[in-house]
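Student: Could you walk me through this structure, starting with the words I need?

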Amino acid sequence: MKYALVTGGSRGIGRAVAIRMAGMGYHIIINYQSNDVAAEETLALIREAGSDGELLRFDVSNREATVAAIEQWQTNHPDDYIDVLINNAGIRRDNLLVWMEPDDFDRVLSTNLYSFYNVTRPLLQPMIRHKHGRIISIASLSGQKGLPGQCNYAAAKGGLIAATKALAQEVGRKNITVNAVAPGFVKTEMVDGLDEAELKKQIPLNRFAEADEVAAVVAFLASDDAAYITGECISINGGLYT
């Protein structure tokens, strides 16, 4: 049995990734924080794709809860390990920095960046012991070029890209690859409130991405075909930024 953990896997890009990975034969562990209905819907779609999965509810920004949930899963699966980790969970709390409340800055950093440490660290030792692993994080265009109103989000995603490059150098000799993908505007709940008609005028391909287009790149990075790719951040933004 091959296991893949997708954080924030109940909706949006996370759901698309979970379904795509299920089609590759992985047993999908769907992490989510609160939306039971959406998580169950994703699990049903995974089963429709011919695979299976399970739900693992915890808040990735809560270090103690995250470690406890992962350790409990490993206790329940003594002969298995999570071979693929998709760090996808994320939130937005956009505002100009002059108006941004401390909690909005802290929450975005905790959920989008500190979660990389919270989730990845307890999974590294099993990957090292088995000498195989794939760690793929969902970064953002904002973390590459910065976007106004997103100092918190840009800081988190920029840090995630840097952490990806550093960790890739630490674990490469153990046959563990660490990569990121940086989507631009994707048709998910994360872009609610944005003016799609106006924004797509800035995009050479003149449209927002579909979540499955991001999932396809994630699936490639998880596959054996990408075994010699590590420390990379692949842009998926329709030519908006290169």
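Tutor: Two strands pair if DSSP finds at least two bridges between them, and helices (H or I, at least four residues) and strands (E, at least two) are DSSP runs, numbered from the N terminus. This is a predicted model, in which local features need pLDDT of at least 70, side-chain atom pairs count only at pLDDT 80 or more, and totals for chains, interfaces and linings use all residues. Residues are numbered from 1 along each chain as its sequence is written, and side-chain values use heavy atoms, with hydrogens and water left out.

Student: Ok, what stands opposite N31 in β3?

Tutor: That is L56. Strand β2 (residues 27-32) and strand β3 (residues 53-57) run parallel, joined by 5 bridges.

Student: And which helix does the chain cross through from β2 to β3?

Tutor: It passes through helix α2 (residues 36-48), in a right-handed β-α-β crossover, where right-handed says that, with the strands pointing away from the viewer, the path from the first strand over the helix to the second runs clockwise.

Student: New topic: is V108 buried or exposed?

Tutor: V108, which is found in helix α4, is buried because its relative accessible area is 0%, and buried means under 20%, exposed over 50%, and partly exposed in between (1.4 Å probe, protein chains only).

Student: What about V98, buried or exposed?

Tutor: V98 lies in the loop between β4 (82-87) and α4 (102-130), and V98 counts as exposed because its relative accessibility is 67%.

Student: Last one, how far apart are the C-alpha atoms of V108 and Q74?

Tutor: They are separated by 28 Å, with the two residues 34 residues apart along the chain.
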